[in-house]
Amino acid sequence: PAVPTDRVRVDPGAAALRSPAETARHLREGARSRVAHSRRFRMAQLEAFDRMLRVHREEIFSALAADLGKNQVESQATELQIVQTGLDHAKRHLEDWMRTRSVPSPFVLAPVTTTVTARPLGMVLIIAPWNYPINLTLAPLVEAIAAGNTVVLKPSELAPATSALLERIIPQFLDHRAVGIVTGGPEVTTELLQEKFDHILYTGGERVGRIVYEAAARQLTPVTLELGGKCPVVVNDGDIMSVARRLAYGKFMNAGQTCVAPDYVLAVGETGPRLAKALGKVIKEFYGANPQESKDFGRIINVNHVQRLAGLLEEGTILAGGQVDEADRYVAPTILTGVDSDSPVMQEEIFGPILPILSVPSFDDALRFIGDRPDPLAAYVFTERSGVIRAFEEGVRAGAVGVNATNIHLAVPELPFGGVGASGIGAYHGKAGFDTFSQQRPTLNKGTRLDTLKVVYPPYGSAKSAL
Ligand code: NAD
């Protein structure tokens, strides 16, 4: 095996020439040589990562503006800052995470030392979606590097500006033996999935999630699946304008194309009409009289999705918004009422700036409504009452729970980020990510001098059977 090194070597020219299968084989070679194992190498890679984010900051903003019309403040808060926080967190805790831990052992085995060490898995594949094409590609990459793996990265073809930028800059900063990037559509992912990886982290919709899971099963490869779903919000009580602001912030950022965005509201008792009115005011407050002219409101990723969203507006009563401009990939921030639970907007994940509000007679009815549906990636409740918070925490199954705030739990690296049931398998962010990309390997070491094991060696006389 090659001697592990702690210096980062880049080779952008050669990286560009490799096919997907060749990239995987190149990174497999890197994993075999354990190039990415040492703490110094991991730190050197994380430092290079840091430089890459600093040097290409403006280009990252431009790419996100081109793909999704994201405002720079939003790109900073929801994409770059999440990656940066994860990076800083990993650097700060790497030594601790990598430390071998001693664990106690049964007395009969003494003298013995028993330890657990986080070991790299080997070569991992990260498949990312288009909606947060920096955050959801690079945040897991940080943790896969921190855990000492070699990584094949597959950004989404549906965010072409960001994907092309990453393809250009990653090989300029990160070691070619430890990180490779492959761009392209489903045919490229299909080719990659023929290869044997030691872990796959996939973020995206359920349909492709199943394809990835099946391909992984054939190779006995463990997976983390970060899927979506319809994230419910229960509005029980509270200051209605501040509820509306916090709801609108989470719903309309990135034009609603956020996996943890509020999908629909269950308004308890009489709160529905007041909330709808407050949301109408907040939309004006945030984006002005015509959100299409606001620099702060994003665009839908492509025309297919614009058409899909327009279709969802065919049922129900539009209380605010409702405008669609296909040529501009624009769908207005929209408040919808008068839909029932079997209308299309309540069947599929909306993934756009349309917020249906359904009224339910009681808080318990809201819990029942949520429990009757697939487990969401996040569930939110707005209330000032501690009893309601407790009942919500106890009563819902969801990847995460948010109380009086939407989406922002993602910004906390100490909180594991992942789904449950239909919204996914496994988690990452911070230590959870490091663990996802590591094996917790036990070692038992018994000295040879004192052979206390002889009490259990055969032949088993009657004295031993009494043990
Ligand atoms: P997408 O279309 O970009 O697909 C994701 C990835 O799968 C891409 O890299 C794509 O190339 C690949 N892919 C597409 N078709 C494939 C095929 N037939 N075979 C193999 N690979 C294929 O993204 P999407 O699925 O539209 O993403 C939106 C969904 O992702 C939503 O459901 C959303 O809730 C979910 N999501 C989840 C999270 C999370 O963290 N849990 C985050 C963002 C989005």
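Analyst: This is a predicted model. One part to begin with is an open sheet of 6 strands with mixed pairing, in the order β5-β4-β3-β6-β7-β18.

User: Which are the edge strands of that sheet?

Analyst: In the order β5-β4-β3-β6-β7-β18, the ends of the list are the places to check. An edge strand here pairs on one side only. That holds for β5 (179–181) and β18 (424–425).

User: In β7, what is the bridge partner of Ile200?

Analyst: Strand β6 (residues 199–203) and strand β7 (residues 223–226) run parallel and are joined by 4 bridges. Ile200 has its bridge partner in β7, and that partner is Val223.

User: What angle does the direction of α9 make with that of β7?

Analyst: Helix α9 packs on this sheet, where it touches β3 (123–127), β6 and β7. Compared with the direction of β7, that of α9 makes an angle of about 180°.

User: Why is one side of β1 and of β20 left without a neighbour in the sheet?

Analyst: These strands belong to an open sheet of 3 strands, ordered β1-β2-β20, with antiparallel pairing. β1 (101–102) and β20 (438–445) stand at the edges, so one side of each has no neighbour in the sheet. The reason is that each has a single partner strand.

User: How many bridges join β2 to β20?

Analyst: Strand β2 (residues 113–120) runs antiparallel to β20. The number of bridges joining β2 and β20 is 8.

User: Are α3 and α6 roughly parallel or antiparallel to each other?

Analyst: Two packed helices are described by the angle between their axes and the distance between the axes. The axes of α3 (residues 39–55) and α6 (residues 135–146) come within 9 Å and cross at roughly 160°. An angle over 145 degrees counts as roughly antiparallel. Therefore α3 and α6 are roughly antiparallel.

User: Which residues make the contact, and how many of them are nonpolar?

Analyst: From α3 come Arg42, Gln45, Leu46 and Phe49, and from α6 come Val142, Ile145 and Ala146. Sorted by class, 1 is charged, 1 is polar, and the number of nonpolar residues is 5.

User: Which element gives the most residues to the shell around the ligand?

Analyst: There are 28 residues around the ligand, and Gly204, Gly205, Glu226, Gly228 and Cys259 come nearest. The elements giving two or more residues to this shell are α8 (186–192) and α9 (206–218). By class, the shell has 13 nonpolar, 11 polar and 4 charged residues. With 3 residues, the element that gives the most is α8.

User: What is phi of Ala255?

Analyst: Most residues other than glycine have a negative phi. Ala255 is in the loop between α10 (240–252) and β9 (262–268). Its phi is positive, near 50°.

User: How far apart are the end C-alpha atoms of residues 40–440?

Analyst: In an unreviewed entry, UniProt places the feature "domain: Aldehyde dehydrogenase" at residues 40–440. This span is 42% helix and 20% strand, and its end C-alpha atoms are separated by 20 Å.

Definitions and conventions:
Residues are numbered from 1 along each chain as its sequence is written. This is a predicted model: local features need pLDDT of at least 70, side-chain atom pairs count only at pLDDT 80 or more; totals for chains, interfaces and linings use all residues. Two strands pair if DSSP finds at least two bridges between them. Axes are lines fitted to C-alpha atoms, for helices over the stretch in contact, and angles run from 0 to 180 degrees between N-to-C directions. Angles under 35 degrees count as roughly parallel, over 145 as roughly antiparallel, 65 to 115 as roughly perpendicular and the rest as oblique. Two residues are in contact if their C-beta atoms, placed from the backbone, lie within 7 Å. Ala, Val, Leu, Ile, Met, Phe, Trp, Tyr, Cys and Pro count as nonpolar, Asp, Glu, Lys and Arg as charged, and the others, Gly among them, as polar. A residue is near a molecule or strand if its C-beta atom, placed from the backbone, lies within 6 Å of it. UniProt positions are given in the numbering used here, feature names are shortened, and annotations may be inferred rather than shown by experiment.
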